[in-house]
Every structure is written in C-alpha cells, then in structure tokens.
Amino acid sequence: MPIILKNVSYTYQINTPFMRKALRDINLHLGNHEILGILGGTGSGKTTLLQIITGLLTPDSGQIVIDEADIKHYRKKTVNIFDKIGIVFQVPEEQIFEKSVFAEVAFGLQKKKLSPAEISRRVESALLSVGLSEDYYQRFTYSLSSGEKRRLAIASVLVLETEYIFFDEPTAGLDYEGRTLLLDNIKKLNEEKRIGMIIVSHDPLELFNVCHKCVFLKDGQLIFSGDLQAWRDNYEFLTGQGMVFPKSQQLVCELKRRGWDLKGEMKNFEEVAARIINCYDDISN
Ligand SMILES: Nc1ncnc2c1ncn2[C@@H]1O[C@H](COP(=O)(O)OP(=O)(O)OP(=O)(O)O)[C@@H](O)[C@H]1O
Ligand SMILES: [Mg+2]
C-alpha cells in the first residue's frame, strides 16, 4: 500500500519572529515496496519531510495518507504509526538509551510477545546486517564511536521489521566499507522483505545506486521527481537549479549532447564504461 502526500505545507514557529516555511505544497507518492531517495541542499526541508510523514510534526495544510488511511487515524492509541514505519534519525545518539548494544536492539521488541529465542534471532540478524559482530553484544553503548552508534541505531530499527523504514542520512559518518555494507543491506531488505523505504542523502551517486526514483527538494519545494533516466533527461533544468550530478552521469549527459544517446540504467562508472565499450564494439564491427 502506498504513502501519499497531497499539497502538504509546514511552517516552523508560526506567528513568531523565528517563523520559517519549511515545506511548500508537497505532493509525493511512495509506491508499494519502493525505495525513494530525497536529495536537496542543507535546510531544503528533507528532515522536516520525514518528520511530517511519521506524524512527528503536523502539517499546516494538505493531507497525508498511509495505506489508505489518513495520518490522523494513527494518532489513536490503538493504531501506532511506529508499528508501521521505522525511522533512523539524522543524529543516531538521539535514539540510543540502553546500556549494552544487545539490550538496545532488543528494546523495541519488549512489547511484542516474542520468545527469548526469537528475540535473540532477530537481534543477531539485525546486528549482522549492519556489520556489528558478536564482540559488540555486551559493549556499552556510550563507548561506541559515532559510526558504530549509527550502525546500532539502524539495527534497532531493522529489528522491528516494519513495513516502511525511513533513513535520514544513514551513511553520514560511515567509512567506505560501512557505507557499502549498509547500502547492500538496504537493497537486500527491500528485495527480500519488500520493505518500502525513503532515504535522505546529500550524495546522489549513493541514491541513484539504490533508489527506484529520487525527488529533489529546494527551499521546501519539491521541484523534481523521477527515475535516473528522467533525471538525465532533465539535466540542464536540474543543474540550473543547483543539482550537481555524479561524474558518471555528467559523462552520459555530455555524450548525449554530442550525439551518443546511451540508453539504460548506468548507475555508476563501471556500468557507463561497459555501455560505451559495447557501443564502440557495435560501431567497429
Ligand atoms: N525548530 C525550528 N524552528 C525554526 N526553523 C527550523 C526549525 N527546525 C528546522 N528549521 C528550518 O527549516 C528548514 C528545513 O530544515 P530541515 O532540517 O528539514 O532541513 P534539511 O534539508 O534536513 O537540512 P540538512 O541537510 O542540513 O539536514 C531549515 O531552514 C531550518 O533552519
Ligand atoms: Mg536534515
């Protein structure tokens, strides 16, 4: 079932000198089991948007529909939105409360009626997904590095096995290995468990690699939405709006300008290079 936003606007500190319109007339559609990327500069409204969809903030106007029910439905005590949507916050420290790593991940399962064996299985599997081995289970959470805390915060959400997971800059502060592992696992979770996801990032290369479509926020307005091919087709417009494409995509668009209209996904340099070699072989044969 999809998540749909219709003409959603949000203003911080309304009617005060600090008033700030953070979202303007947002229309968004997260399809079934889709991974949606949100790109946009600092202060463009990305975090606000995630908070609006999870009901942490209430819009000034517009409507949010989650699995065919208006978000107001989830404010009732009997229906908790967080049973449906897990959110990994931008600052992981803000969501860590327990002393040990294992207890932190198990915490969210307390209210579910699960056997100790099932709890252990789910906690171990979530920690494995983010690359935290058995050596970490009894470590004090306060003693972890910030990259390790980020992995822990992600595991604490993965363990809940919600229908949707939203990630606010999940790879910030992770090293190359940690980023690759996390993004591979996000893809795997989406494919195997059909979890719908929203990922916020400043890195378009990262998002184009894992997302089915990406939207571009600028000054609280959603100015573009589409898959990678659509982004390339609108290269001039988007660069004019301040979007900086990954080098591999700049190359494809530059080749297109010169008459080489390469088709296909081509998410990274390896795939672009393979396509160019294919074309070259076709021409020379
Ligand atoms: N509590 C607040 N009061 C007033 N303005 C706020 C408040 N929180 C956020 N804002 C403003 O709303 C705008 C959107 O903020 P938001 O945190 O959603 O941006 P973002 O796109 O997530 O940025 P970043 O990439 O830095 O995380 C910013 O201009 C920010 O300064
Ligand atoms: Mg943010």
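This is a predicted model: local features need pLDDT of at least 70, side-chain atom pairs count only at pLDDT 80 or more; totals for chains, interfaces and linings use all residues.
1. Start with the open sheet. Four strands make it up, in the order β2-β1-β4-β5, and their pairing is antiparallel. The edges belong to β2 (20-30) and β5 (69-70); each has a single partner strand, so one side of each is left without a neighbour in the sheet.

2. Strand β4, residues 61-66, pairs with β5 through two bridges in the antiparallel sense. If you want a spot to check by eye, find V65, which sits opposite D70 of β5.

3. Which strands does helix α1 lie across? Helix α1 covers residues 46-53 and lies across β1 (3-12), β2 and β4. Relative to β2, the helix runs at about 60 degrees.

4. Next, move to β3 and β9. Strand β3 (residues 35-40) and strand β9 (residues 213-218) run parallel, joined by five bridges. One pair to look for is G37 with its bridge partner C214 in β9.

5. Strand β9 also pairs with β10 (residues 221-226), this time in the antiparallel sense and over five bridges. So what does β9 have on its two listed pairings? With β3 it runs parallel, whereas with β10 the sense is antiparallel.

6. Last, the turn of that hairpin. K218 stands opposite Q221 of β10, and two residues lie between the strands β9 and β10. One residue worth a look here is D219, with a positive phi near 45 degrees.

Note on methods
Residues are numbered from 1 along each chain as its sequence is written. Chains are lettered from A and ligands numbered from 1 in the order in which they are written. Two strands pair if DSSP finds at least two bridges between them. Two residues are in contact if their C-beta atoms, placed from the backbone, lie within 7 Å. Axes are lines fitted to C-alpha atoms, for helices over the stretch in contact, and angles run from 0 to 180 degrees between N-to-C directions.
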